[in-house]
Amino acid sequence: MSSPGHPHAITIKRNPNRIKVSFNGTVIAETTRALVLQEGPLPPATYIPREDVQMSYLQRTDHSTHCPFKGNASYFSVSVGDQTAENAVWAYETPIDAVAQIKDCLSFYVEKLELTEESTSEG
């Protein structure tokens with residue numbers, strides 16, 4: 001991770017809540033093991049372990065991007081029924097060492113998919 005004063009300082013924290021990701025009325029991911037990556041002034045990104053994602057709804061695309069602080073990202077489209085969200089999911093499958101925690105996790109564009117968070121604490 002970059003130093004705290006860096007404009008793109010990255011922190012990764014565990015989110016203790018239950019996270020669900022849905023598309024076209026179908027839950028495609030659900031976990032209590034999500035990570036939240038905060039990169040400088042950017043909105044936080046939720047990363048869900050691949051094991052908690054219904055990969056049968058995802059199709060790898062040819063789209064890719066590069067982030068100097070995380071590495072190369074691969075993308076997936078999501079299809080449920082007759083609806084498809086193009087390049088709605090990304091993964092850093094071989095992230096740089098500073099963000100190794102997000103390896104084997106997927107993140108989701110909240111503009112394309114529905115992400116909900118439920119508290120798992122009792123009180």
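**Exercise 1.** In which strand is Ser22 found? Decide also whether Ser22 is buried or exposed, and name the residues that Ser22 touches.

*Solution.* The model is predicted.
- Step 1: Ser22 belongs to strand β2, residues 18-23.
- Step 2: The relative accessible area of Ser22 is 17%. Buried means under 20%, so Ser22 is buried.
- Step 3: Leaving out residues up to four places away in sequence, Ser22 touches Val27, Ile28, Leu113 and Glu114.

**Exercise 2.** Find how many aromatic pairs the whole structure holds, and classify the pair of Tyr47 and Trp90.

*Solution.*
- Step 1: The search finds two aromatic pairs.
- Step 2: In one of them, Tyr47 and Trp90 lie 6.2 Å centre to centre, with 90° between the planes. Planes over 60 degrees apart count as edge-to-face, so this pair is edge-to-face.
- Step 3: Tyr47 lies in strand β5 (residues 45-49) and Trp90 in strand β8 (residues 83-91). The pair therefore ties together parts 43 residues apart in sequence.
- Step 4: Tyr47 is buried at 1% relative accessibility. Trp90 is buried at 12%.

**Exercise 3.** Classify the pair of Trp90 and Tyr109, then work out what surrounds Tyr109.

*Solution.*
- Step 1: The ring centres are 4.7 Å apart and the planes stand at 50°, so the pair of Trp90 and Tyr109 is tilted.
- Step 2: Trp90 is in strand β8, and Tyr109 is in the loop between β9 (105-108) and β10 (114-118). This pair ties together parts 19 residues apart in sequence.
- Step 3: Tyr109 is partly exposed, at 27% relative accessibility.
- Step 4: Tyr47, Trp90 and Tyr109 form one aromatic cluster.
- Step 5: The charged end of Lys112 sits over the ring of Tyr109, 5.5 Å from the ring centre.

Note on methods:
Residues are numbered from 1 along each chain as its sequence is written. This is a predicted model: local features need pLDDT of at least 70, side-chain atom pairs count only at pLDDT 80 or more; totals for chains, interfaces and linings use all residues. Side-chain values use heavy atoms; hydrogens and water are left out. Helices (H or I, at least four residues) and strands (E, at least two) are DSSP runs, numbered from the N terminus. Buried means under 20% relative accessible area, exposed over 50%, partly exposed in between (1.4 Å probe, protein chains only). Contact means heavy atoms within 4.5 Å. Rings of Phe, Tyr and Trp (its six-membered ring) pair if their centres lie within 6.5 Å; planes under 30 degrees apart count as stacked, over 60 as edge-to-face and the rest as tilted. A charge sits over a ring if NZ of Lys or CZ of Arg is within 6 Å of the ring centre and within 35 degrees of the ring normal.
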